[in-house]
Amino acid sequence: MKKRERQQVFRDPLYGYIHINYELITNLINSSVFQRLRRIRQLSGVHMIFHAAEHSRFSHSLGVYELAYRFSMIKEIDEVLDERSKLLFYAAALLHDVGHGAYSHAFEYVFHVNHEKIGASLIVNHPELRSILDEVDQNFAEDVASVILKQGKFPLIQQLISSQLDIDRLDYLERDAYFTGAAYGHIDLDRLMRVVVVKDNRLAFKASGIHAIENYLVARYHMYWQVYYHPKARAYEVILEKIYLRVKDLLQKGFDFEHDVTSLKKILNNPHDMYAYLEIDDYYMNGLIAYFLKSKDPILKTLSNDFLNRHIWEFIDDKEENKDKINEILNKITDEEKRYFTLKTSVQQTAYKASSTIGDQIHILTEKDEVIPLSSYSSIVHSLVTSSDKSDYKFFYKKL
């Protein structure tokens, strides 16, 4: 657990500086596996709607690490975490997104992979990461992976990194709001940090910070519906999903791409091939899709042209009143065109889930020194639990 002779810093638009005191963290950042996150956008297709949202999962992961560093200095947390536990907190925060694939969720959906499971596997099995983590001790990599997989071995650290109010969400909401220009995602981070307490190795917040928590939940809810679930961003990502689907189908048919698609083929055959997985990032896919503009397959060529040149597809609400219109569109096209140029899909979000597992819930320390669920203390949050559950069903299609 060697400390640096001089603190290393990274400039950051949100926090001013990101502070690094341990050689372990420097070595993890410099690893090829972590540097790959520079080549994966944080917001996938959202950047096609919010043009400044070009930030990467690298910058987000550094931000989550910095919040871990700052939270670890809060008196209540500092007192219950020894040096190894703090290093575990830092490493898990830094590496929590290391398993993301190209354009993230679209890749996961089509190729049936889970970025958390892949991330945990990389942490344990990748020689470069493993050798760095083994410098702490031989069990450290498995412990970091257990936090990523939410196995409950380190409940406080797990809650800090992955719950309904965690450092992952605190960073991505503020960072995404900053780069998209959205006004919804601002969070009173300083206030939230001032009201943190630890009770029975679980995170709680003093009742005096209730307004900051309520604001955080409302901000998160609005960011999902105004940014993450923006229908045009979803329409753009549908095109990418269809490209993945067409490539997958063509690979299974033995189609000659006249280009090296070895990495994708390996992932199709074995989603757990970590070396092939690491080769596939946004840069790889963009280059491949650019080549597909010359493909002999007309479907792949059309999809690639739509993706690279922002030909965003049409969409309508998938509701009963639009049923005839949707059927009219579907009846005019072939089954093959339906497969590659239409999609019915939905998204769902609620402001707060009161029925979540204990570690995922937000708890309030009342003026009577009692720890109770947030929804029992805040009338606003109680109202959000009962009224904010919302789903949006859409039918996306390309005009043919």
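**Reading salt bridges and cores**

Modeller: Lys338 and Asp335 lie three residues apart in helix α20 (residues 335–341), and are therefore separated by about one helical turn. Helices here are DSSP runs of H or I with at least four residues, strands are runs of E with at least two, and both are numbered from the N terminus. The model is predicted, so local features need pLDDT of at least 70 and side-chain atom pairs count only at pLDDT 80 or more, whereas totals for chains, interfaces and linings use all residues. Residues are numbered from 1 along each chain as its sequence is written, and side-chain values use heavy atoms, with hydrogens and water left out.

Biologist: How many salt bridges does the rule give, and what distance separates the closest N and O atoms of Lys338 and Asp335?

Modeller: Side chains of opposite charge can pair when their charged atoms come close. A salt bridge is counted when a side-chain nitrogen of Lys or Arg is within 4 Å of a carboxyl oxygen of Asp or Glu, and the count comes to 25. Lys338 and Asp335 form one, with their closest N and O atoms 3.6 Å apart.

Biologist: Is Asp335 buried or exposed, and what is Lys338?

Modeller: Buried means under 20% relative accessible area, exposed means over 50%, and partly exposed lies in between, using a 1.4 Å probe and protein chains only. Asp335 is exposed at 61%, and Lys338 is partly exposed at 27%.

Biologist: Which parts of the chain does the salt bridge between Arg39 and Asp281 link?

Modeller: The closest N and O atoms of Arg39 and Asp281 are 2.6 Å apart. This pair links distant parts of the chain, 242 residues apart, with Arg39 in the loop between α2 (32–35) and α3 (57–72) and Asp281 in the loop between α16 (274–279) and α17 (282–292). Asp281 is buried at 5%, while Arg39 is partly exposed at 28%.

Biologist: Which residues are linked with Arg84 in a network of salt bridges?

Modeller: Asp137, Asp143 and Lys153 are linked with Arg84 in that network.

Biologist: Which residues touch the most other members of the largest nonpolar core?

Modeller: A nonpolar core is a set of buried Ala, Val, Leu, Ile, Met, Phe, Trp, Tyr and Cys residues joined through side-chain atoms within 4.5 Å. In the largest, of 138 residues, they are Ile25, Leu28, Phe71, Tyr244 and Leu264. Helix α14 (residues 231–253) gives the largest share of this core, twelve residues. Setting aside neighbours within four places in sequence, Leu264 is in contact with residues including Phe107, Val247 and Leu288, where contact means heavy atoms within 4.5 Å.
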